[in-house]
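Hi,

Here is the structure I promised to pass on. Have a look, and then read my notes below.

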Amino acid sequence: MVRQLSGVLLVLGCLAGCDSRLANHPPGSDPWLDGNPAQFVSFSADADKGPVYMLNLLKFAEQTQDGSMSGAASYAKYGELAGPYVEKHGGRLIWAGVPTEQLIGDMAYDWDLVAIVEWPKRQNLLDLGNDPDYQAISHFRGDGLVRSMLIAMDAVDGLEAASD
């Protein structure tokens with residue numbers, strides 16, 4: 001099952017916290033980049049639910065493993081190449097920014113880029129991960145990152161809805 005899902009897992013990144021590093025991962029996989037199969041199954045179970053907002057937390061590698069470019073350059077190339085596929089499958093970048101300072105809380109990890117992508121339904125993101133043309137360029141994402149988190153978020157009308 002993990003072998004068949006590998007392209008999609010690369011897209012989903014790590015949906016878990018740092019404790020997932022040792023849980024549910026095949027040997028040689030990296031939960032910070034490949035995701036957690038159990039969380040992928042949970043996300044897929046609600047495939048028709050939407051819209052969904054994906055919070056992307058990204059930490060760039062100093063350079064790619066082959067040394068051909070910086071991690072930031074590799075991720076920028078991924079963004080350039082992936083954009084048309086994201087749009088094809090209904091995704092839309094709604095916000096991106098560079099974290100500058102922390103005001104509240106203890107940040108266990110630093111991030112180089114934060115982005116929010118809106119999808120009509122979870123299935124649209126799953127379709128992106130299964131697109132063979134997207135899979136052919138998705139390696140620029142993994143090559144450019146040392147760590148990532150991808151968190152699915154549902155919109156709420158107000159604070160009362162968040163506590164339901």
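**Salt bridges and the sheet**

Lys59 is buried, at 16% relative accessible area (buried means under 20%, exposed over 50%, partly exposed in between, with a 1.4 Å probe and protein chains only). Before going on: this is a predicted model, where local features need pLDDT of at least 70 and side-chain atom pairs count only at pLDDT 80 or more, while totals for chains, interfaces and linings use all residues. Residues are numbered from 1 along each chain as its sequence is written, and side-chain values use heavy atoms, leaving out hydrogens and water.

Lys59 has a salt bridge to Asp110, with the closest N and O atoms 2.8 Å apart (a side-chain nitrogen of Lys or Arg within 4 Å of a carboxyl oxygen of Asp or Glu). That pair connects distant parts of the chain, 51 residues apart: Lys59 sits in strand 1, Asp110 in the loop between strand 2 and strand 3 (strands are DSSP E runs of at least two residues, helices H or I runs of at least four, both numbered from the N terminus). Asp110 itself is partly exposed, at 42%.

Asp110 also meets Arg147 in a salt bridge, 3.1 Å from N to O. Arg147 lies in strand 4, 37 residues from Asp110, and is buried at 13% relative accessibility. Through shared partners, salt bridges join Lys59, Asp110, Asp112 and Arg147 into one network.

As for the sheet, its 4 strands form an open arrangement in the order 2-3-1-4, with antiparallel pairing (two strands pair if DSSP finds at least two bridges between them). Strand 2 (92-97) and strand 4 (145-153) are the edges.

Cheers
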